[in-house]
Amino acid sequence: VEEAVRIAAEHGFAFWHGHALALHGFALVQQGRASTGIATIERAADELRASGTGIFVTCIHAFLAEARLCTGAYAAGLDAVQD
């Protein structure tokens, strides 16, 4: 996924860069690097919103919810679900 992030950024593929970032962030959370993963997922959500797409946004909110729940941030996790 790191290669996908790099290639998408290198070629200016904003849509795919946002997707790859979200997956990268979720992988970081699964590896126990929750704060970095959450920041990465939030960046991905911002990029996809800026690109004007709604595709994959539901998955990103699910990634954020799980990541925040893993850190004990229950209210923030529920906020992600609400979004």
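Helix 1 and helix 2 are roughly antiparallel to each other, a label given to angles over 145 degrees, whereas angles under 35 degrees count as roughly parallel, 65 to 115 as roughly perpendicular and the rest as oblique. Helices here are DSSP runs of H or I with at least four residues, numbered from the N terminus. Helix 1 covers residues 2–10 and helix 2 covers residues 14–30; they pack at an angle of about 155°, with their axes 8 Å apart. The axes are lines fitted to C-alpha atoms over the stretch in contact, and angles run from 0 to 180 degrees between N-to-C directions.

This is a predicted model, in which local features need pLDDT of at least 70 and side-chain atom pairs count only at pLDDT 80 or more, while totals for chains, interfaces and linings use all residues. Residues are numbered from 1 along each chain as its sequence is written, and side-chain values use heavy atoms, with hydrogens and water left out.

Helix 1 passes helix 2 in a left-handed crossing, meaning that the near helix is turned anticlockwise from the far one by less than a right angle. On the side of helix 1, Glu2, Ala4, Val5, Ala8 and Ala9 meet Trp16, His17, Ala20, Leu21 and His24 of helix 2; contact means heavy atoms within 4.5 Å. The residues of this contact comprise 7 nonpolar, 2 polar and 1 charged. In this scheme Ala, Val, Leu, Ile, Met, Phe, Trp, Tyr, Cys and Pro count as nonpolar, Asp, Glu, Lys and Arg as charged, and the others, Gly among them, as polar.

Helix 2 also packs with helix 4 (residues 57–70), at an angle of about 20° and with the axes 10 Å apart. Helix 2 is therefore roughly parallel to helix 4. Ala22, Leu23, Phe26, Val29 and Gln30 of helix 2 make the contact with Ile60, Phe63, Glu66 and Ala67 of helix 4. By class, this contact has 7 nonpolar, 1 polar and 1 charged residues.

Gln30, in helix 2, is partly exposed, with a relative accessible area of 48%; buried means under 20%, exposed over 50%, and partly exposed in between (1.4 Å probe, protein chains only). Gln30 and Cys70 lie 40 residues apart in sequence and 9.3 Å apart in space, C-alpha to C-alpha. Cys70 counts as exposed, at 55% relative accessibility.

How many disulfides does a search of the whole structure find? The search finds 0, a disulfide being a pair of cysteine sulfur atoms within 2.5 Å. The sulfur of Cys59 is 16 Å from the closest cysteine sulfur, in Cys70, and this is too far for a bond.

Terms used: Helices (H or I, at least four residues) and strands (E, at least two) are DSSP runs, numbered from the N terminus.
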